[in-house]
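Biologist: I would like to go through the labels used for this model and hear what stands behind each one.

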Amino acid sequence: MNNAPKFNWVEVASCDDIWEGEMLDVELGEKEVLLVHCPGGKLQAYQSTCPHQRISLSEGKFDGKAITCRAHLWQFDAATGKGINPEKCQLFSYPLKVENNLIYIGIPQEENTATLTIQNSKFKIQNSKINKHYHVN
């Protein structure tokens, strides 16, 4: 039996929309996702906001190795999403694939329903539609 996760793949951009060394916010339902095109051609998809104060990371800087938030200079490794400053931090990453020059982000599926928790937001996914549900800590 194959226990590999299954995904609903959602087209979010074309490879022509984001060049190597750039960042780009894309929409995934009502949520924004940050695409990062690392040197060497690797594309990554992360939560679009800094976990510190939810400032958009696309408003910050990307030097090819690190993503830096404009507000308080928190930094994340662009290839892994792991925190550089502070170290005990991690960006949520999305599965990503490229087919025919189009970029797709994967949304987990489990019998057509899945729950995905990102920061303090909960998403219930049914039939490829995203319904946003919030919870407060």
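Biologist: Why is tyrosine 94 called buried?

Modeller: Tyrosine 94 has a relative accessible area of 6%. Buried means under 20%, exposed means over 50%, and partly exposed is in between, with a 1.4 Å probe and protein chains only. Tyrosine 94 is therefore buried. This is a predicted model, in which local features need pLDDT of at least 70, side-chain atom pairs count only at pLDDT 80 or more, and totals for chains, interfaces and linings use all residues. Residues are numbered from 1 along each chain as its sequence is written, and side-chain values use heavy atoms, with hydrogens and water left out.

Biologist: How many aromatic pairs does a search of the whole structure find?

Modeller: The search finds two. Phenylalanine 7 and tryptophan 9 form a tilted pair, 5.4 Å centre to centre with 55° between the planes. Rings of Phe, Tyr and Trp (its six-membered ring) pair if their centres lie within 6.5 Å; planes under 30 degrees apart count as stacked, over 60 as edge-to-face, and the rest as tilted.

Biologist: What makes the pair of phenylalanine 92 and tyrosine 94 edge-to-face?

Modeller: Their ring centres are 5.0 Å apart and their planes are at 85°, so the pair is edge-to-face.

Biologist: Why does phenylalanine 7 count as partly exposed?

Modeller: Its relative accessibility is 23%, so phenylalanine 7 falls in the partly exposed range. Phenylalanine 92, at 25%, is also partly exposed, as is tryptophan 9, at 31%.

Biologist: Why is serine 14 called buried?

Modeller: Serine 14 has a relative accessible area of 16%, so the label is buried.
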